[in-house]
Amino acid sequence: MATPLPWREKISYGLADMGFNFYWANIATFLMMFYTDVYGISAAAAASMMFVIKIVNAFTDPLIGAVADRTSTRFGKFRPYLVWMALPLAGAGVLTYTTPDLDQSGKLAWAYGTYLLMMVCYTCINIPYNALSGVMSAEPQERSTINGLRFIFAFAGSLLVTAATPAMVLFLGGGEGIDATRRGWQLTMLVWGVLASLLFAATFYNTRERIAPPPRQRTRVRDDIGDLAGNRPWMVLFFLALIIMVSITLRTTTAAYYFKYVVGRPDLLASFLPAYMAAAAAGAALTPVLTRFIDKKTLMMVLMSLTALLSAAFFFVGPEQITAMYALQIALGLVLGPKSPLAFSMYADSADYNEWRNGRRATAMTFAAATFSQKLGTALAVAVIGTVFTKLGYVPNAAQSSGSQAGIVWLMSIIPAMFALLAVAVMFFYNLDSARLRQVQADLAARKAPL
């Protein structure tokens with residue numbers, strides 16, 4: 001039995017994910033509306049740009065994973081990236097939310113360049129961070145605890161961002177005019193970037209890497225990719241992450257439009273999304289308890305079934321039924337809260353499975369390829385939103401047609417529910433249950449034991 005990780009280290013690991021969500025929550029919640037209503041490009045152009053960049057950036061994930069797996073420093077393989085890339089990411093975030101004085105083609109070029117830069121910098125620090133959870137401990141339950149704590153901080157960061165960002169933009173911009181709003185966004189991202197960098201540094205100084213690849217392991221990148229392709233649990237998780245990310249991104253990105261154009265109360269967004277984040281943090285906190293009594297596969301299927309039901313129920317809520325909206329949103333947060341720590345714990349398990357099956361370990365590549373699928377899911381969701389808005393005649397900062405309003409409602413309810421049901425179907429193919437995982441862990445421990 002391995003020695004339990006100290007709580008200081010577990011908490012310190014989680015702090016970085018709060019920092020990541022200072023970026024991710026802004027991207028998922030506000031960036032599309034920033035581009036259409038503040039930056040000044042069309043919904044079709046913004047959606048196309050974000051889709052293309054997400055696709056391009058998704059293919060950098062395995063590259064970063066391969067590099068991280070082959071990094072060797074006195075601080076470990078993965079921890080150094082938390083300090084190497086913190087400031088470049090902060091700078092890229094500020095540039096992304098900067099509106100230059102250019103014509104439409106120049107603005108679009110700036111958006112492509114800065115958004116790609118931010119996402120590549122984000123990848124260079126996030127992929128090693130994800131992999132770090134897989135080498136801090138070999139105990140499955142410890143991994144559930146680590147990732148449960150991590151996502152409590154993640155949801156807390158998202159809650160803080162969604163609640164505070166609109167007020168920060170207004171305050172730092174010094175007013176409500178378009179020039180003030182643009183200045184406010186730039187300064188707001190500077191604040192979030194500095195705070196995130198401090199949290200990344202805290203994680204670097206207070207965590208340790210304990211699991212190393214087999215001593216004589218020398219592999220090529222194509223070997224890592226081939227191992228993943230033959231790793232059935234990982235393949236299931238790949239498609240699961242893509243599908244779930246589509247479902248979540250559809251609702252998160254559409255929420256700003258829903259309250260502005262359907263409900264007519266954009267001010268509610270500042271409490272609606274934080275209500276979800278607070279509930280999700282509570283759900284994430286329950287993950288280690290739930291995994292003690294319920295197999296991870298079964299738990300994931302139950303969670304996504306409930307997600308489908310609750311998302312579909314949102315379709316029947318009228319624009320005046322504010323209490324019902326919040327009740328469903330909080331319920332969705334509780335249900336989806338355990339999903340993220342559960343999935344990341346399963347990624348670490350699949351890395352163990354790969355080492356058990358092939359005698360090779362590529363932890364960062366395992367997590368990088370998983371993040372690759374999440375970014376594809378986000379790109380697909382943005383493409384769906386852009387297509388729906390374009391087809392139904394969305395006009396920024398104007399009253400929407402009945403067709404446009406109906407499309408927004410569908411993007412908040414039925415369409416995400418359909419993807420959640422598809423996630424349930426995918427999980428039927430996951431074959432790394434608790435009994436098999438215990439055997440994998442026992443065999444790996446026996447291999448590494450001194451003769």
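**Exercise 1.** In this predicted model, find which residues Met-300 touches, leaving out those up to four places away in sequence.

Solution. Step one: set aside the sequence neighbours up to four places away; Met-300 then touches Leu-240, Ile-244, Lys-339, Leu-342, Ala-343, Met-346 and Met-427.

**Exercise 2.** Describe how helices H13 and H15 pack.

Solution. Step one: H13 covers residues 296-313 and H15 covers residues 339-358. Step two: their axes lie 11 Å apart, at an angle of about 150°, and the crossing is left-handed. Step three: list the residues that meet. H13 supplies Lys-296, Leu-299, Met-300, Leu-303 and Met-304, while H15 supplies Lys-339, Leu-342, Ala-343, Ser-345, Met-346 and Asp-349.

**Exercise 3.** Decide whether the radius of gyration of the protein chain agrees or disagrees with that of a compact globule.

Solution. Step one: for 451 residues, a compact globule would have a radius of gyration near 22 Å. Step two: the protein chain has 21 Å, so the value agrees. The C-alpha trace spans about 75 × 45 × 35 Å along its principal axes, and buried residues make up 59% of the chain. The chain holds 19 helices and zero strands. Of the contacts between residues at least 6 apart in sequence, 84% join residues at least 24 apart.

Methods: Residues are numbered from 1 along each chain as its sequence is written. This is a predicted model: local features need pLDDT of at least 70, side-chain atom pairs count only at pLDDT 80 or more; totals for chains, interfaces and linings use all residues. Side-chain values use heavy atoms; hydrogens and water are left out. Contact means heavy atoms within 4.5 Å. Axes are lines fitted to C-alpha atoms, for helices over the stretch in contact, and angles run from 0 to 180 degrees between N-to-C directions. Helices (H or I, at least four residues) and strands (E, at least two) are DSSP runs, numbered from the N terminus. A crossing is left-handed if the near helix is turned anticlockwise from the far one by less than a right angle, and right-handed if clockwise. The radius of gyration is taken over C-alpha atoms; the globule rule is 2.2 Å times the number of residues to the power 0.38. Buried means under 20% relative accessible area, exposed over 50%, partly exposed in between (1.4 Å probe, protein chains only).
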